[in-house]
Structures are given as C-alpha cells and as structure tokens.
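Here is a short tour of a protein model, written to be read with the structure open beside you. Take a moment to turn the model around before reading on.

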Amino acid sequence: MKIGFIGTGVMGSRMAKRLLDREFQVYIYNRSVEKAKPLLEQGALYAESISSLASQCDVICTCLSMPEDVIEVYTGPDGINENARSGTVCIDLTSVGADTSKTIFGQANAKGISYLDSPVSGGPEGAENGTLTIMVGGEKAAFEKVKPILEVLGETIEYLGQPGSGSIAKLINQYLVAVHSLAASEAMVAGAAYGLDSEQMFNILKVSYGDSRILRRHMEQYVFDRNFEPGGAVKYVHKDVRLANRLLQEAGLERFTGQMAEQAFKKAGEKGLDDLDMSAVILPLEEQARVVVKRNK
C-alpha cells in the first residue's frame, strides 16, 4: 500500500515518521522541501507535486494549516480530487469547519474518491508517540479500510458517522481548549495582581475543582518558564474557536464564553503573538494587570 502525506510540519512530520517506522511506503509533498529532508533521509519518497503524489498513492493523508489550504489541496486543478485514482481513500487530519469537510466529501465522492474528515487532538507529543485522539466522519467502509493506518497514528480513534462529524467534534474540543486557556490565564493573572504567589496558587488549583489539563499544560510547560515556543500556536486556536463559535450560533446559542475567547486570541494575534504557543494568550492580560505570572525562585 502506497501512502501519500501532504503537509509535513510540526504535526505531519511526526505522523509521517510513525508510518515510516512501521515500514509503510510513504510519499511526501511539502511546499518547503527543506522541512521534508529528515523524512527523506528516513526513507520517504518525495513527490514533486500534489498531482504526482495523488496519482500514485492508495491512501492520502493531509495535515495542513488552514481551511483555505485544505480547499486548495483537494479542489485545485493540481489537487487531489482531479488527480487521484478512483478508489483512493483520503484522510484529512486538519481542523476545518464541517461545511468545508462536507463540500470536499461531495466533490471527492463524485470522482470515486473517499474522503474522511479526521482531525486530531494531542499535540506534537501525541503525534510523536502515536497517542493522538482521532475523530472521524465519512463513509464507514472507507474508515474500516484505513483503520490500521489510523491505529499507527492514534490511541483513541472514534468513528462518528456522516461527513463533517469529525470536524464538529474537533471544533467542540477546540472550543474548550480556547475557553479553558483564557479562564486559566485570567485566574492566574488575577491572583498575581493581588499579590498571591503564582506557584502556590497553581499548586492549590491543580488539586482543587479548578484544575484542568489546560491549566497544567500552560503553567508547567510554558508560562512559568516564559518559554512560548509553540506546541499549538495562537493563530490556530483563534481559527478553531472562530469556527467553533459559528457552530454554537448555528445550534441556537446566542451568548457564550467562546466569544470572549475568540476576542482574546484575536487580540493576542494583533499584538504579534500569532506564532507563539496558545498559552501566550496570558501575555496581554499580564500587560493589562501589570504583573508577570512566574515561579517563586
């Protein structure tokens, strides 16, 4: 089985490496050849174009940045839908809106191509260790066909049903990521503003009902060390919570906390923090309160 992998950034490179480790034949395409070099050294084959990759692979994985990237890769004249063979199964690991997933599914289906919206959660560490959560929407037969591949990439794999279902589930997850990120940042900044020791406050919260996985992630891995090298960047969380908020509006909700989170991540981006880790959403709040949340060394 020939597997194509388009998009070998922070997440995609780690997933492609796992497939190579399991001795799958993997063709890769990335706009930057430099980023693909470590995979080529491991045995991946480089495709000069998307059309070249699509025409020779049985399964195609895509792990891209933004919805517009997904649309271009699948629906452009050089894209997958125009060049893949009938019977090809596509696994889109990108976080996009359900409408995007449904549109691509329809166009692919008309060409005899299966498309599974299969966004992931778990970050670079999960991609490296094969412990990702993968949420899948699309045809059940296609899912069953590629499930052994998904099991190389993830630990929790859920087939959710019709096209777009995977994307909806991922956006709901990202909604909570954004809201928890903002709430944790606000709480820690407020404590520091009132003179509480930040590390002591964190130790209290992580053994109380205020605990959350996001609180622990942000404080222990990023904020206390003042190291905001991205796992999941501000710009991607802003994109995801914006799409998630649209889902909540379509569900009939009028006012919800995600709207505040969207504004907070937008503001962080406007302050030049787009490419930093999502935990950097705390920095504009620290600036407002004129405090820095840090360890008591």
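How many Å apart do the C-alpha centres of domain 1 and domain 2 lie? The separation between these two centres is 28 Å. Please keep in mind that this is a predicted model.

## Two domains

The protein chain splits into domain 1, covering residues 2–161, and domain 2, covering residues 168–289. To their contact, domain 1 brings 14 residues and domain 2 brings 12 residues.

## Where the domains meet

Between domain 1 and domain 2, about 1000 Å² of area is buried, and carbon and sulfur atoms give 63% of this area. If you go looking for salt bridges between the two domains, the count is 0. For polar contact, there are 5 residue pairs between domain 1 and domain 2, with both residues at pLDDT 80 or more.

Now look at the side of domain 1 that touches domain 2. Helix α6 (98–110) and strand β7 (120–121) each supply at least two of its residues. Sorted by class, this side of domain 1 has 9 nonpolar, 4 polar and 1 charged residues.

## A look at Asn-245

Next, find helix α12, which runs over residues 234–250 and holds Asn-245. Is Asn-245 buried or exposed? Asn-245 counts as buried because its relative accessibility is 3%, under the 20% cut-off.

Notes
Residues are numbered from 1 along each chain as its sequence is written. This is a predicted model: local features need pLDDT of at least 70, side-chain atom pairs count only at pLDDT 80 or more; totals for chains, interfaces and linings use all residues. Side-chain values use heavy atoms; hydrogens and water are left out. Domain bounds come from an automatic or database domain assignment. Contact means heavy atoms within 4.5 Å. Buried area is the accessible area (1.4 Å probe) that two parts lose on being put together, summed over both. A salt bridge is a side-chain nitrogen of Lys or Arg within 4 Å of a carboxyl oxygen of Asp or Glu. A polar contact is a pair of N or O atoms within 3.5 Å; within protein, one must be able to donate a hydrogen and the other to accept it, and residues adjacent in sequence count only if both atoms are side-chain atoms. Helices (H or I, at least four residues) and strands (E, at least two) are DSSP runs, numbered from the N terminus. Ala, Val, Leu, Ile, Met, Phe, Trp, Tyr, Cys and Pro count as nonpolar, Asp, Glu, Lys and Arg as charged, and the others, Gly among them, as polar. Buried means under 20% relative accessible area, exposed over 50%, partly exposed in between (1.4 Å probe, protein chains only).
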